[in-house]
Amino acid sequence: MAVKLFLNSQTILNHTFPILYRNAYDATEVDKFLDAVIQDYKKVEENSLLLKKEYEELVNKNRSLEQEKRSLEVELEKYKARFANIKSSDNVTNDNIELVRRINSLEKFLWAHGYNPDTIKK
């Protein structure tokens, strides 16, 4: 969010007030200028508070994401350890394929005769 300020440091530094009489400044001119300075400071303070709040929200979100990341890394390591011994299926033989086909046909037979193969005691 961009803040539109009326003054900048150069404007404040170079501002001159008209001298009325005997080296005295016009009080209303000084008051107007100081009112503009106060308005700008209020805007800067409001913007600073908003940015601080946004920063704190981002810090909290970052913390929660870091915790989630750590827990996911732990879970990943568990899975890596669990599946470390699984090899690729390059050594699949015709005998294994035949056994799977036979098991499949036996399960179909059991289902066809009203038996659930999962409930049969082993």
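Helices here are DSSP runs of H or I with at least four residues, numbered from the N terminus, and the model through which this tour leads is a predicted one.

Begin by selecting residues 27-82, which make up helix α2.

Next, within α2, pick out Phe33, Ala36, Val37, Asp40 and Asn47, which are buried.

Now turn to the salt bridges, of which the structure holds three. Select Glu29 and Lys32, whose side chains meet in a salt bridge at 3.9 Å, N to O; both residues lie in helix α2, three residues apart, or about one turn of the helix. Glu29 counts as partly exposed at 29% relative accessibility, whereas Lys32, at 54%, counts as exposed.

Moving along, select Lys69 and Glu73, which form a salt bridge with their closest N and O atoms 3.7 Å apart. This pair also belongs to helix α2, where four residues, about one turn of the helix, separate Glu73 from Lys69. Lys69 is partly exposed, with a relative accessible area of 43%, and Glu73 is likewise partly exposed, at 39%.

Finish with Glu77 and Lys80, a salt bridge in which the closest N and O atoms are 3.7 Å apart. Because they are three residues apart in helix α2, Lys80 and Glu77 are separated by about one helical turn. Glu77 counts as partly exposed at 47% relative accessibility, and Lys80 is partly exposed with a relative accessible area of 48%.

Terms used:
Residues numbered from 1 in each chain as written. Predicted model: local features only at pLDDT ≥ 70, side-chain atom pairs only at ≥ 80, totals over all residues. Heavy atoms only, no water. Helix = DSSP H or I, 4+ residues; strand = E, 2+ residues; numbered from the N terminus. Expected span 1.5 Å × (residues − 1). Buried < 20%, exposed > 50% of the residue type's maximum accessible area, 1.4 Å probe, protein only. Salt bridge = Lys/Arg side-chain N within 4 Å of Asp/Glu carboxyl O.
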